[in-house]
Amino acid sequence: FRVSERSSMSSSEKTPAKGLATRLAHMGRYPKEFHGFVNPPVVHASTVLFPDTKTMLSGAQTYHYARRGNPTTNALEDAVAELEGAHGAHLAPSGLGAVSLALLSAVSSGDHLLVTDSVYGPTRNLAEKMLKRMGVEVDYYDPTIGAGIAELFKPNTRAVMTEAPGSLTFEMQDLPAIVEAAHARDALVVMDNTWATPVYFDAIGHGVDLSVQAGTKYLVGHSDAMLGTVAASERAWERLDETYGALGMHVAPDDVYLGLRGLRTLKVRLERHMESGLEIARWLEGRPEVSRVRHPGLESDPGHALWARDFTGASGLFAFDFTDDVTFEQSCAFLDALELFGLGYSWGGFESLAIPVRLKGARTATPVPGNASIRLHIGLEDTADIRADLEAGFAALRG
C-alpha cells in the first residue's frame with residue numbers, strides 16, 4: 001500500500017481528541033510498517049521493480065517510479081496533508097517551486113490572475129517572467145483591499161494569490177472576505193502561508209484552496225534543507241496532482257527526512273520564536289531611532305485586528321522602519337555592526353537573521369514606504385543577548 005493508504009482511517013480520524021503537539025510527534029509515522037523503527041526510512045531510489053508483467057502493466061503496484069514518490073516522500077506528504085486539514089499535499093524542491101506548482105495548477109493561458117502587491121519578490125518575478133509569457137494576464141492589488149477585491153475580478157479571473165502578512169512590509173489581508181469574493185466567482189484562492197504555518201493559521205479551514213509553505217523556513221527549522229509544500233482543498237486537488245506529475249517535481253529523500261525531523265518540534269519552536277519576536281518588537285517600539293515596527297501581533301499595527309481575529313499566533317519574522325533622519329547608509333552601518341544576527345536572505349531557522357528592506361520595483365499597486373527599513377528574524381537565542389546585539393547596531397548608527 002501507499003503510505004497514506006495503510007489504514008482506512010487517517011491519524012486525525014483515529015485520534016480526534018489529541019492536541020497539535022501530540023499530532024506533530026506522530027503524524028506521517030508508521031513504525032509497524034517499518035519493523036518498529038520510529039522514523040520512516042530514508043529511501044534513495046529511482047527504479048522500482050515489478051514481480052511480473054501483469055503487475056507492471058496493470059498499474060496496481062503502489063510505486064512505479066520514484067519520481068512520483070517513495071515511502072519517505074509520502075510520509076511527509078501525509079503529515080502535511082493532516083497538519084493542513086487538506087485533501088492532499090505534494091512536495092516541491094523549494095518554496096518558490098511550491099508557489100510555481102500551485103499557480104501552474106490554478107491558471108492556464110488566457111486566464112486572469114490577481115496577485116497581492118505585497119507578495120514574495122520571487123513570486124512576482126514568476127508572474128512577470130513566466131506566467132505572462134505563457135499568456136496569463138496578471139494584475140496586482142492593494143493587500144488591504146478586503147471585500148473590495150470583488151471589483152477587480154474579470155470574466156476570466158481564475159485565481160487570487162494572497163500572502164499574510166505580506167513579504168517585507170507585513171500588511172495583513174482580510175482572507176475570509178477575499179475567499180468569499182473569489183469563490184462567488186468560481187476562482188481559486190492560493191496563499192503563501194509560510195509566516196504563520198498551519199500551526200498559527202488554518203488556511204484550508206478558512207477557505208484557501210492551495211496553501212503553500214516554504215518548508216525551507218519553519219518546517220525544516222535548521223537552515224539546512226530546501227523544501228516546499230502545497231496542500232490542496234478537494235476542489236483544487238485533481239489539478240494540483242496532475243500538474244505535479246506533469247512537471248516531474250521530486251525532492252531528494254535526505255531533504256524530506258530533514259523536513260520530517262523538523263516537523264516534530266514545529267510547535268515548540270514556533271512558540272519560542274513568537275514569544276521572543278514579540279518581546280523584541282515591543283522593545284524596538286520604544287527606541288528613539290525607530291518610527292514604526294511592522295508586526296501584526298502588536299496592538300499598534302494596522303493589521304492587528306485581522307491577525308487577532310483569524311490567526312492564533314505569530315512567528316519570529318517582522319520589520320521595523322527607522323525615523324526620517326536615518327539614511328540608508330546608516331541603516332547598513334547598523335547591520336554591519338551586528339554579530340549575533342547573520343546577514344542572510346532566509347529565515348525560520350534557529351538563528352537570528354537581518355536584511356535591509358529594498359522595495360524598489362517591488363510594488364506597482366501601492367506606494368513604496370520611504371524610510372529605511374530592516375527585516376529581522378528572531379531566532380532561538382536568549383533575548384537579552386539579542387537586545388545587546390541590536391544595541392550595538394544602534395550605537396554604530398549613531399556613531
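This is a predicted model: local features need pLDDT of at least 70, side-chain atom pairs count only at pLDDT 80 or more; totals for chains, interfaces and linings use all residues.
Figure 1. The largest cavity holds about 40 Å³ of space. Its lining is made up of Asn 39, Pro 40, Tyr 257, Leu 260, Arg 261 and Arg 264. Sorted by class, the lining of this cavity has three nonpolar residues, one polar residue and two charged residues.

**Figure 2. Helix 10 and what covers it.** Helix 10 runs over residues 253-264 and has twelve residues. From its first C-alpha to its last, helix 10 reaches 17 Å, close to the 16 Å expected at 1.5 Å a residue. The buried residues of helix 10 are Pro 253, Val 256, Leu 258, Gly 259, Leu 260, Gly 262, Leu 263 and Arg 264.

**Figure 3. Helix 11 from end to end.** Helix 11 has 20 residues. The distance from its first C-alpha to its last is 28 Å, close to the 28 Å expected at 1.5 Å a residue. Buried along helix 11 are Leu 266, Arg 269, Leu 270, His 273, Met 274, Ser 276, Gly 277, Leu 278, Ile 280, Ala 281 and Leu 284.

Figure 4. In soluble globular proteins, nonpolar side chains tend to be buried together. Here the largest nonpolar core has 79 residues, and those with the most contacts inside it are Phe 311, Phe 320, Phe 334 and Leu 376. Helix 11 (residues 266-285) gives the largest share of this core, seven residues. Another core lies apart from it and has 29 residues, including Ala 92, Val 99, Val 136 and Met 249. Not counting residues up to four places away in sequence, Phe 311 touches Ala 164, Met 172, Leu 175, Met 191, Trp 195, Ala 196, Tyr 200, Phe 201 and Leu 306.

**Figure 5. The largest pocket and its lining.** The space in the largest pocket is about 760 Å³. Its lining has 40 residues, and those nearest the centre of the pocket are Tyr 120, Gly 121, Pro 122, Ser 167 and Arg 375. Two or more lining residues come from each of helix 5 (95-106), helix 6 (121-131) and strand 11 (353-356). Helix 6 supplies the largest share, six residues. By class, the lining of the largest pocket divides into 21 nonpolar, ten polar and nine charged residues.

**Figure 6. Arg 67 in its loop.** Arg 67 sits in the loop between helix 3 (53-58) and helix 4. Arg 67 counts as partly exposed because its relative accessibility is 38%. Leaving aside neighbours within four places in sequence, Arg 67 is in contact with Tyr 244, Gly 248, Met 249 and His 250. Arg 67 and Val 251 are 184 residues apart in sequence, and their C-alpha atoms are 8.6 Å apart in space.

**Figure 7. Val 326 in its loop.** Val 326 lies in the loop between strand 9 (317-322) and helix 13 (328-336). Val 326 has a relative accessible area of 9%, so this residue is buried. Beyond its neighbours within four places in sequence, Val 326 is in contact with Glu 289, Ser 331, Ala 372 and Leu 397. Glu 289 is 37 residues from Val 326 along the chain, and 7.7 Å separates their C-alpha atoms.

Definitions and conventions
Residues are numbered from 1 along each chain as its sequence is written. Side-chain values use heavy atoms; hydrogens and water are left out. A nonpolar core is a set of buried Ala, Val, Leu, Ile, Met, Phe, Trp, Tyr and Cys residues joined through side-chain atoms within 4.5 Å. Buried means under 20% relative accessible area, exposed over 50%, partly exposed in between (1.4 Å probe, protein chains only). Helices (H or I, at least four residues) and strands (E, at least two) are DSSP runs, numbered from the N terminus. Contact means heavy atoms within 4.5 Å. The expected span of a helix is 1.5 Å times one less than its number of residues. On a 1 Å grid over the protein atoms alone, a cavity is a set of points where a 1.4 Å probe fits but cannot get out, and a pocket is an open set with protein on both sides within 12 Å along at least five of seven lines; lining residues have an atom within 4 Å of a point. Grid points are joined across faces, edges and corners, and a volume is the space filled by probe spheres set on the points. Ala, Val, Leu, Ile, Met, Phe, Trp, Tyr, Cys and Pro count as nonpolar, Asp, Glu, Lys and Arg as charged, and the others, Gly among them, as polar.
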